[in-house]
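Please look through the sequence and the model before reading on. The briefing below takes up one topic at a time.

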Amino acid sequence: MSPHPEGHVTMVKALQRRAAGLRQPVSGLFELTERCNLACGMCYVRQPANDAAHRARELPAADWVSLAQEAADAGMIFLLLTGGEVFLRRDFFDIYAPLTRMGLILTLFTNGTRVTDRIAARLAEAPPQMTQITLYGASAATYGAVTGVPEAFDHCRAGIEALLRHGVPLELKTTITRQNRDDLEPMRQMARDWGLSLAANWMLMQRRDGAACGAEECRLSPQDCAALAAIERPGTLAAMSATGSGNLSGDSACFACQVGKSSFAINSFGRMLPCLNLDRPALEPRETGFSMAWRQLQSHVDAAPPVDPECASCEAAAHCPRCPAWSVTETGSLTAPARYLCDLMQAKRDLAARQAEGGAVPTSPVAAPDV
Amino acid sequence: MRSIGSDHLLVPLGARTREVRGLVVLNEPARFMWDLLAEECCVEDLAAALTARFNVNADRARADAAAFVEEISQIGLLRP
């Protein structure tokens with residue numbers, strides 16, 4: 001199955017920027033459930049699959065459909081469906097099928113482990129623009145270490161193969177942690193064997209609800225992140241080296257992303273959030289109507305305090321992924337520096353400087369395990 | 001047809017998503033021609049309408065109309 005056509009991502013970003021100028025909520029994200037059948041230590045949201053209390057509070061299918069119609073009427077065109085694990089919802093297709101008739105460009109995130117041949121065939125009747133499956137390892141042992149469910153490895157492979165058999169557009173991605181970092185190249189090989197791409201991410205955010213989670217135990221060290229970035233995204237490190245000053249040059253808006261300008265998220269209970277990593281404000285589109293909730297979200301974003309002066313003047317700010325979600329989940333403040341990211345930027349600058357001086361370039365994704 | 005300002009996206013519905021992949025974004029002249037294609041017409045008809053509506057000469061209009069028809073045929077949006 002072919003990936004997105006060349007230029008697709010660039011075009012979507014350009015359309016999102018244009019929508020932001022118009023304050024059109026063009027990109028929506030529906031988190032259909034927080035429940036998941038895997039138990040990844042680093043997850044920012046997961047609730048147990050059989051959590052009856054959570055399931056009882058989840059928005060019913062009909063409410064998702066009417067919310068989607070309201071959002072589409074207000075200008076939503078791109079819609080991402082995610083979880084938790086979306087296929088834990090037995091009524092998934094009661095939500096999905098009507099969405100395919102609304103003029104929406106749909107993307108679906110899943111861990112793939114519950115995708116049966118029957119589900120793949122149903123999806124193929126009106127497939128999403130893209131399905132993305134996250135791989136957590138290249139063996140049952142690694143799946144066990146990351147997700148707590150070793151057999152999920154075989155289930156995920158079966159799900160991928162079912163989607164491929166039915167011609168459902170598919171991309172793979174992975175979240176790199178201390179537990180699976182040695183599997184990155186084997187996972188790439190798996191992807192190649194299927195004729196698929198694999199995108200790697202290693203930036204692990206804490207839970208949005210503030211509950212304890214294992215993100216810190218799963219995160220790579222800042223030095224390992226920098227080494228991985230040097231291999232996986234060499235352009236970013238080269239840019240740090242070449243540009244010298246990377247401060248924000250006077251642009252101190254709190255939300256530099258499209259949140260509240262052209263994008264929004266709805267959590268599994270039907271509350272509108274800025275994004276899935278921020279749980280405040282939690283607006284009530286079902287009570288106020290979608291358009292009012294969207295206006296409230298815009299007001300929240302517009303009234304947010306400016307970036308912390310320490311971040312605004314930081315030489316690495318333009319390269320730093322810090323955002324309000326990072327600050328809130330690390331510090332409780334919308335704007336405070338996130339020290340993990342400060343350390344990461346320092347590690348990247350050190351590495352970029354060493355490379356500029358002709359020093360050794362990392363050749364393997366990360367150094368020896370430090371846990 | 002979905003719009004963001006003056007950009008118009010053709011978004012397939014239901015089973016048509018199997019046939020049309022990627023984004024199809026139309027500018028104003030392309031959207032004008034797309035609307036005309038709701039009824040049977042040929043490249044010459046499109047070119048004449050483009051000339052009348054937009055400030056383009058006949059040669060340019062014909063080239064643009066032919067290119068548009070070719071492009072949407074290739075991605076499965078136009079059937080003979």
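Which residues in H2(B) meet which residues in H3(B)? B:Val43, B:Leu46, B:Ala47, B:Leu50 and B:Thr51 in H2(B) meet B:Ala58, B:Ala61, B:Arg62, B:Asp64, B:Ala65, B:Ala66 and B:Val69 in H3(B), where contact means that C-beta atoms, placed from the backbone, lie within 7 Å. This is a predicted model, in which local features need pLDDT of at least 70, side-chain atom pairs count only at pLDDT 80 or more, and totals for chains, interfaces and linings use all residues. Residues are numbered from 1 along each chain as its sequence is written, while chains are lettered from A and ligands numbered from 1 in the order in which they are written.

- By class, the contact of H2(B) with H3(B) has 9 nonpolar, 1 polar and 2 charged residues.

**Where the chains touch**
- In chain B, 14 residues are in contact with 18 residues of chain A.
- On the side of chain B that touches chain A, strand S1 (2–4) and strand S2 (7–10) each supply at least two residues.

**Chain A as a whole**
- Chain A has 16 helices and 10 strands, counted as DSSP runs of at least four residues (H or I) and at least two (E) respectively.
- Buried residues, each with 20 or more other C-beta atoms within 10 Å of its own, make up 45% of the 371 residues in chain A.

Methods: Contact = placed C-beta atoms within 7 Å. Nonpolar A, V, L, I, M, F, W, Y, C, P; charged D, E, K, R; others polar. Buried ≥ 20, exposed ≤ 12 C-beta atoms within 10 Å, placed from the backbone.
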